[in-house]
Amino acid sequence: MSTDSRLDTSKIATTNGTSAATTSKPGAAGSLATWADDRLGLAAAMKKNLRKVFPDHWSFMLGEIALWSFVVLLLTGVFLTLWFNPSMGHVTYEGSYDQLRGVGMSESMSSTLHISFDVRGGLLMRQMHHWAAMIFVASMMVHLLRVAFTGAYRKPRELNWVIGCVLLLLGTLEGFTGYSLPDDLLSGTGVRAADGFLKATPVAGAYMSFLLFGGEFPGESIIPRLYIIHVLLIPGILLALIAAHMLLLVYHKHTQWPGPGRTEQNVVGYPMLPVYAAKAGGFFFMVFGVIALMGGLLSINPVWKFGPYDPTKVTAGSQPDWYMGWPDGLLRIMPTGWESVIFGYTISWNVMLPILIVPPLMLVVLMLLPFLEGWITGDKRDHHLLQRPRNAPTRTAVMVALMTFYGLAWAAGGNDIIAIKLHASINQITYFMRVAIFLGPILAFWITRRWCISLQRHDNDKLLHGYETGIITRSPDGAYAERHLPISESAAYTLTARDRDEVFHAGGDTDAAGVAAPNSRSERVRARLSSWMYSNNVQKPTRAELEAAHHHAEHEAELTSGLDHPVDGHQFDDHRLRDTDEVPLRDH
Amino acid sequence: MRLLNRTAGRLSRHRRGPLAGLVVLLLGLLISGSLYTALAPAQAQNQASETDQVAQGKELFLASCAFCHGKNGEGVPTVRDGYQLGPSLVGVGAAAVDFQVGTGRMPLASPGAQAPRKKVAFNDEEVAALAAYVASLAPGPAIPNESDYSLEGLSEDERDEAITRGGQIFLTNCTACHNFNGAGGAMPRGGYAPSLHGVEGKYIFEALLTGPQNMPNFSNGNLSPEEKRDVIAYLGSIQDTPEYAGFTLGGLGPVSEGLFAWLVGIGGLVGGAVWIASHTTRSKKSKVDA
Amino acid sequence: MSNDNLSDNTPAAYESHVPAHREAEPIADPGLPPHTWRPTDVDPKAEKRAERQVAAMFIAAMISAVLFVVAYFSFEVGDNWDTFAGLGASTLTLGVTLGVSLLLIGIGIIHLARKLMADAEMVEMRHPAASPQEDRDATVAALNAGLDEAGIGRRPLVRNTMIGAVGVLGLPAVVLLRDLAPGSALDVGRLAHTIWEPGMRLVRDVVGTPILASEIEIGDLINGAPEAMFPTEENGYPELEGAEEQSEKAKGAIIIVRMDPDDIIPAKGREKWTVDGIICYSKICTHVGCPISLYERTTHHVLCPCHQSTFDLADAAKVVFGPAARPLPQLPIKVDEEGYLVAQSDFTEPIGASYWQREKQS
């Protein structure tokens with residue numbers, strides 16, 4: 001008896017097709033499955049998961065880019081370890097790159113040059129590894145943004161959000177340890193800056209630096225230590241957390257966009273086997289292919305031009321890889337002289353604030369976002385339907401403000417490159433950034449929230465008065481008006497498939513016995529935050545309002561055709577009326 | 001110095017065919033021959049023409065340079081103490097003039113943070129005249145000869161050594177401002193270290209010697225002429241070396257790489273995701289057999 | 001992941017998690033739209049065409065993979081790189097053939113999924129993330145029974161000593177890391193000193209030649225090093241090796257500039273630290289330790305390429321811009337009897353980035 005024939009799809013899935021997915025006679029695959037199940041008993045678990053449903057939307061594949069680039073990293077990374085020698089032992093380079101032949105360097109640099117110039121495909125693999133790393137972190141970030149903007153981090157997925165944030169942190173550290181390994185001039189400059197960051201730690205800083213470097217900077221231990229962190233410690237944790245991330249994804253089932261037939265109670269999409277597996281598998285090859293093309297065509301980290309690390313040398317444009325760019329930017333825009341000496345001990349605010357305080361704080365804020373939101377809204381429901389960013393204006397605005405902060409800090413990290421490319425002064429750019437880093441996010445928050453609310457109004461307009469057809473009609477007395485037509489039922493349903501926001505009122509609630517809830521301080525804070533979050537939002541119309549609006553539109557059309565009053569260009573909608581306060585549809 | 005300890009290898013073997021040596025030899029003979037015929041008579045007349053040249057230079061100077069640098073090249077101070085409309089040119093030498101005027105930086109089109117390289121305003125003869133005039137004001141660095149900055153006459157091994165050493169000197173003294181690739185970099189208050197790509201060896205030598213604008217000097221007592229030559233040779237060699245790794249993205253380091261990771265990598269892959277999840281075309285027909 | 005308990009997977013069970021006050025939706029859910037067919041479902045010609053397209057992509061992918069092998073063996077790397085339009089032929093062709101092959105496989109599979117695989121959407125019911133109440137009760141009961149049988153709660157002595165024993169195990173774990181910097185390698189006092197000593201010559205970095213004060217012109221910038229970093233039989237300095245060489249190099253780097261002596265704003269106590277306008281500072285930025293030498297000869301400013309701290313070398317290297325807080329340490333110099341620049345002493349304060357004990361060590 002094959003697993004296939006035992007699989008009763010009718011219980012776990014229905015389909016909108018005309019026929020159920022067909023089951024075939026046990027073939028070769030079936031007998032292999034029987035053999036395996038006799039020993040592993042997998043059928044019980046597989047029967048549901050083989051045809052597990054995944055909703056289809058491009059934004060649900062962003063995390064996949066991260067997953068697949070991680071696989072590419074593992075593959076190319078293993079290739080590189082076959083030749084890479086993580087040693088700081090001193091050798092004289094005698095390989096094929098002419099301009100460095102005869103120069104003393106560490107074995108790690110020398111073996112990196114060997115991989116680049118004397119191993120066929122070695123340079124390709126190095127570049128693919130590096131591009132994949134950049135894409136890995138970048139895709140985690142866009143995935144994070146998608147999850148945040150759609151509210152997918154709400155209950156029950158808060159823990160998976162936290163895991164994702166840890167993955168982002170680990171990916172960043174993995175990147176830093178990785179690009180430091182070749183021991184070239186650029187990465188060595190980065191390691192020395194990291195040494196400066198460690199030393200800025202109060203009390204134990206110098207000792208932390210000495211312990212990490214095995215003595216005074218640079219020592220001979222840092223590369224082997226970073227190597228084992230890079231190839232074993234962090235990848236191990238990454239793998240475990242990725243597995244946990246995916247298990248939770250499967251357990252919770254994927255979120256989906258609301259729409260006809262797509263509710264909080266179900267998930268609509270393609271079965272894992274075959275369509276989703278094919279799309280995901282195909283996407284793996286695409287990610288791999290794009291990285292291979294980039295590795296073959298675009299130069300990245302040309303260590304041979306930097307030369308080996310030498311603590312007395314430096315190059316213009318000494319930047320970290322992009323994902324370390326924003327703390328670097330914060331470092332750059334710190335005002336002069338922020339260092340204090342208290343009781344003879346030095347506290348370097350100029351390093352601590354941008355490196356040791358703000359980035360960890362940002363990470364904590366990021367991790368707490370779903371919990372903060374959950375506390376403010378008091379929403380204890382499970383959420384599987386995504387929200388359009390406009391329907392959570394405050395959250396969207398907070399995210400845009402965080403992005404603006406990040407983006408400005410990031411740009412500040414490239415201020416010298418911006419200066420030469422735009423013929424500007426780095427000093428002026430820095431002064432600008434010192435102000436913009438505070439004003440930018442506030443402005444972004446305000447603009448985004450107003451924008452979202454306007455879009456909500458627009459949605460309600462479409463529901464109540466239909467969409468703008470672009471057909472201009474002219475009335476007998478010469479006025480022009482655009483004709484509005486009702487939107488389709490499914491589009492209208494999709495627009496209304498969202499929750500009404502409920503502002504939390506402190507103390508206003510009474511429990512079942514009619515006793516007023518204690519009006520504690522935290523309740524009041526919560527009420528104020530809830531009002532800040534929701535009170536400006538536009539709520540979807542009620543059924544009665546919808547019916548009234550449709551009825552009104554018909555009536556209006558009749559009136560105008562009868563020339564009851566002068567046509568003012570609004571005979572197909574009710575903008576004229578809405579400008580007065582008579583129509584209570586818009587603001588709640 | 002481990003630097004000089006080399007055993008094997010020649011520079012850029014890949015660029016030479018078996019006949020290349022012969023071609024180079026013939027070319028060298030041809031060039032040196034024609035150069036000799038061109039220059040020999042000039043040298044004979046040298047003494048006589050020098051005063052003419054200085055006079056011509058002075059004339060050009062008064063017309064094009066004196067407004068900022070003074071009638072006698074003494075410089076023109078502004079009202080603010082310590083600032084100058086144009087610095088004194090006494091003692092800057094012919095090399096400084098050849099660099100500034102020969103690369104088009106002078107005459108300045110408009111005052112700014114820095115004099116940019118632009119179209120050269122004078123012909124070679126006029127540049128030489130101006131240089132001769134300024135050199136006549138007070139002794140200063142002379143225009144270098146080609147032999148000062150070319151590796152002619154060195155053996156293959158010596159050349160390779162020179163290039164390697166030049167690379168290390170370049171990374172120590174030059175990359176801080178001009179970037180590892182010679183692509184240039186930003187300096188305070190709108191200043192910049194210009195790109196070194198395609199700059200003639202002569203001008204690099206002169207810039208090192210005279211420290212144009214805000215660039216520090218690397219006078220011969222600081223960086224010997226051989227060391228300057230090595231730096232020039234290194235710069236030449238990295239420009240001649242093929243880009244083994246693909247397009248260099250401007251050679252600006254991690255900033256441009258990050259930009260490409262986002263635009264090409266993430267941009268392309270998100271585009272792929274949109275395609276994967278997009279709806280396929282639908283038919284109005286329905287399946288008959290089902 | 002066999003958590004899908006079918007009996008709990010009904011909408012009714014799930015509905016209980018939805019608050020009752022939810023009002024009726026303004027528009028009723030019209031339900032999933034009916035499935036429509038693709039041209040490939042209903043038109044055998046289109047189906048065949050799609051099949052051929054997918055197969056063509058797979059065949060092209062095969063060809064590209066074979067070309068990868070051809071490129072691998074035909075293009076030289078190493079001493080004699082083959083080039084193609086100024087680019088390395090090996091990297092270029094390997095990357096392009098591999099990339100094209102992978103992309104074609106990927107696009108082919110997805111094309112197959114989009115055009116030829118059954119594309120009827122399925123509906124699967126969700127289940128609440130929480131376990132059913134009876135499961136929770138049973139788990140709590142099992143947990144309590146287990147703890148009760150263990151008796152740990154009733155025997156605080158055992159419980160507390162056990163927690164203590166496991167906790168103290170943390171000490172060996174931490175102590176074991178002490179020798180990450182073994183023995184005296186953890187002596188942070190080393191940060192306060194460099195290899196500079198009275199009478200040590202200043203030499204040019206890379207080439208290691210000593211510097212005649214008379215050869216330096218106004219406007220010159222020299223990236224310098226202590227002579228001890230270039231030991232020869234002549235100067236008699238001991239050969240440094242490995243970590244020590246690197247750390248001394250990292251601390252001893254200097255920049256030497258010469259400016260008009262009148263430009264120098266004399267700092268108190270440092271009047272005799274310069275030689276006729278020649279002034280020498282640590283090359284290591286006081287911010288986080290990047291070497292700096294982006295010197296502007298007219299303003300006497302030096303810029304750090306890492307975070308743009310700018311120091312005025314004419315004014316005791318005070319910070320004029322950027323995040324650094326302290327001036328660059330100045331190296332007191334003089335000339336020896338042969339006219340070469342030498343150090344009067346070591347730096348009088350720790351060089352480079354700040355750290356907690358810095359002031360105590362100055």
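How much of the contacts in chain C with a separation of 6 or more comes from residues 24 or more positions apart? Keep that in mind as we walk through this predicted model. The share is 59%.

How far should you trust what you see? The model as a whole scores ipTM 0.91 and pTM 0.89. Chain C has an average pLDDT of 90, and 93% of its residues score at least 70. Where pLDDT is low, the predicted coordinates should not be read in detail.

Now go back to C:Leu32. You'll find it in the loop that links helix H1 (11-15) with helix H2 (39-42) of chain C. Is C:Leu32 buried or partly exposed? It counts as partly exposed, because it has 18 C-beta neighbours inside 10 Å, and being buried takes 20 or more.

Next, look at where chain C meets chain A. The contact takes 98 residues from chain C and 116 residues from chain A. On the chain C side, several elements supply at least two residues each, including helix H8 (242-252), strand S11 (318-321) and helix H9 (358-361). The biggest contributor on that side is H4(C), with 17 residues. Sorted by class, the side of chain C that touches chain A has 60 nonpolar, 22 polar and 16 charged residues.

Strands take part here too. Strand S5 (residues 266-271) of chain A and S3(C) run antiparallel and are joined by four bridges. To spot the pairing, find A:Val267, which stands opposite C:Glu124 in S3(C).

Now for the inside. In soluble globular proteins, nonpolar side chains tend to be buried together. In this model the largest nonpolar core has 268 residues, and among those with the most contacts inside it are A:Ile135, B:Ala131 and C:Leu202. Helix H7 (residues 122-149) of chain A provides the largest share of this core, 18 residues. A:Val287 is another of the residues with the most contacts in the core. Leaving aside neighbours within four places in sequence, A:Val287 is in contact with A:Ile65, A:Trp68, A:Ser69, A:Val72 and B:Leu269.

Last stop: chain B. How many of the 10 residues of helix H4 (residues 93-102) of chain B are buried? The count is 10 of 10. The buried residues of H4(B) include B:Ala94, B:Val97 and B:Phe99, along with B:Asp98 and B:Gln100. They pack against helix H5 (124-137) and helix H9 (201-210) of chain B. After H4(B) comes B:Gly104, which has a positive phi, near 85°.

Methods
Residues are numbered from 1 along each chain as its sequence is written. Chains are lettered from A and ligands numbered from 1 in the order in which they are written. This is a predicted model: local features need pLDDT of at least 70, side-chain atom pairs count only at pLDDT 80 or more; totals for chains, interfaces and linings use all residues. A residue is buried if 20 or more other C-beta atoms lie within 10 Å of its own, exposed if 12 or fewer, and partly exposed in between; C-beta atoms are placed from the backbone. Two residues are in contact if their C-beta atoms, placed from the backbone, lie within 7 Å. Ala, Val, Leu, Ile, Met, Phe, Trp, Tyr, Cys and Pro count as nonpolar, Asp, Glu, Lys and Arg as charged, and the others, Gly among them, as polar. Two strands pair if DSSP finds at least two bridges between them. A nonpolar core is a set of buried Ala, Val, Leu, Ile, Met, Phe, Trp, Tyr and Cys residues joined through C-beta atoms within 7 Å. pLDDT is the predictor's confidence in each residue, from 0 to 100.
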